[in-house]
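Student: Please take a close look at the aromatic rings in this structure. I would like to know how they pair, where they sit in the chain, and what lies around them.

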Amino acid sequence: MIIRHRKITIIGAGYVGSTTAFAPLSARAVNELCLIDVNTALVRAQVMDLQHAVPFLGTAVVKVGNYSDIRTSAVVVIAAGANQKPGETRLDLIQKNSALMRELGPKVFMMNPEAIVIVVTNPVDVLTYQLIRMFPGKKRRIIGSGTVLDSARLRHLVGAHFNIDPTSVHAYICGEHGDSEFPLWSTANIGQVPILSYPGCTKRTLDQLFMQAKNAAYTIIAGKQATYYAIAAGVTHIVEAIFGDRNEVLPVSHLLMHYHGVSDVCLSVPAVVGRNGVRTQLSLKFSAREERLLRQSAAQLKRARKGIH
Ligand code: NAD
């Protein structure tokens, strides 16, 4: 059943939070949007600017929020916290941002035990897992944006290379949203043509396209300090899947148990997303190499989370 009152609260009004506010407004995907940030001058300014966009974009209510707004928000997006500085990996942010998650998790679920929480703050897989450990009963309602963004980057690059619209490129990046992620080439296709047999496609080309997708954040951060438009569009897509109860297949980060030999870790594999969050994973055939890479990525994330105190 679709959600009628489409209200979201976004925690964090920096680059990602503010663009993640603008994107669903311009897609007319929300009726009400609240933005929360500890930087009160920033959040007020962001909200004013967004409110001034609304006359061009429908009728949504946009306001500076507080935690009680979460009571009536079906979806809460966490985009607060430190971002990567040039040269930093996402996993370098664990200490700073896990402390934040310990603070925000109880505030959110105390206000609304039924909220669906989309974690965007990095390292997104580790923080999604941390939140699920704090609230195990909410494991389907806590979703990391995961490799939704990375997969879009890959689809864009593949589409541009073969001169095909990216919506006709079906390819996922799985695993960590970070350095141990990997592409699922064995099932990727353009139209219905398996990518590995697409005319002109070589393994070398695919490797190069994947490396560009994987390293895109470093390139963007070097040029403009942060990445935000594409993640904002990706989060909007997840929000629309939830509000519309679409049961859409998306590579979001969620808790895996007994999936190709991997358990008790959050990372991205294609999953079905609807109004109650993650319904299930897709039962996809992996090649032996992809299974190995999935296990390596899971091991890397398990090592990284040992750093959380
Ligand atoms: P930013 O510095 O521009 O914004 C972060 C905001 O969080 C700041 O305005 C800050 O005041 C606020 N904040 C800090 N502590 C808070 C608290 N306790 N409550 C409320 N607000 C608080 O950073 P950004 O570029 O917007 O990035 C935010 C996060 O998103 C980073 O962790 C970044 O790595 C991550 N990110 C994730 C993806 C993804 O694909 N998952 C993509 C891009 C960025």
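Tutor: The model is predicted, and what follows is computed from its atoms. A search of the whole structure finds five aromatic pairs. A pair of aromatic rings is described by the distance of the centres and the angle of the planes.

Take Phe 109 and Phe 135. Their ring centres are 4.8 Å apart and the planes stand at 50 degrees, so the pair is tilted; to count as edge-to-face, the angle would have to be over 60 degrees. The two residues are 26 apart in the chain, and the pair links distant parts of it. Phe 109 belongs to helix 3 (residues 94-111), while Phe 135 is in the loop between helix 4 (124-134) and strand 6 (142-144). Phe 109 has a relative accessibility of 6% and counts as buried. Phe 135, at 18%, counts as buried too, because the cut-off for buried is under 20%.

Phe 162 and Tyr 198 form an edge-to-face pair, with 5.2 Å from centre to centre and 70 degrees between the planes. Phe 162 lies in helix 5 (residues 148-162) and Tyr 198 in the loop between strand 11 (193-194) and helix 6 (203-214), so this pair ties together parts that are 36 residues apart in sequence. Phe 162 is buried, with a relative accessible area of 13%. Tyr 198 is buried as well, with 17%.

Tyrosines also group together: Tyr 15, Tyr 228 and Tyr 229 form one aromatic cluster. Helix 1 covers residues 15-26 and helix 8 covers residues 229-243. The axes of helix 1 and helix 8 come within 8 Å and cross at roughly 50 degrees. Helix 1 and helix 8 are therefore oblique to each other, and helix 1 passes helix 8 in a right-handed crossing. On the helix 1 side, the residues in contact are Val 16, Thr 19, Thr 20, Ala 23 and Pro 24. They meet Tyr 229, Ile 231, Ala 232, Ala 233, Val 235 and Thr 236 in helix 8.

The charged end of Lys 107 is placed over the ring of Tyr 67, 4.6 Å from its centre. Arg 305 lies over the face of Tyr 129, at 3.7 Å from the ring centre.

Terms used
Residues are numbered from 1 along each chain as its sequence is written. This is a predicted model: local features need pLDDT of at least 70, side-chain atom pairs count only at pLDDT 80 or more; totals for chains, interfaces and linings use all residues. Side-chain values use heavy atoms; hydrogens and water are left out. Rings of Phe, Tyr and Trp (its six-membered ring) pair if their centres lie within 6.5 Å; planes under 30 degrees apart count as stacked, over 60 as edge-to-face and the rest as tilted. Helices (H or I, at least four residues) and strands (E, at least two) are DSSP runs, numbered from the N terminus. Buried means under 20% relative accessible area, exposed over 50%, partly exposed in between (1.4 Å probe, protein chains only). A charge sits over a ring if NZ of Lys or CZ of Arg is within 6 Å of the ring centre and within 35 degrees of the ring normal. Axes are lines fitted to C-alpha atoms, for helices over the stretch in contact, and angles run from 0 to 180 degrees between N-to-C directions. Angles under 35 degrees count as roughly parallel, over 145 as roughly antiparallel, 65 to 115 as roughly perpendicular and the rest as oblique. A crossing is left-handed if the near helix is turned anticlockwise from the far one by less than a right angle, and right-handed if clockwise. Contact means heavy atoms within 4.5 Å.
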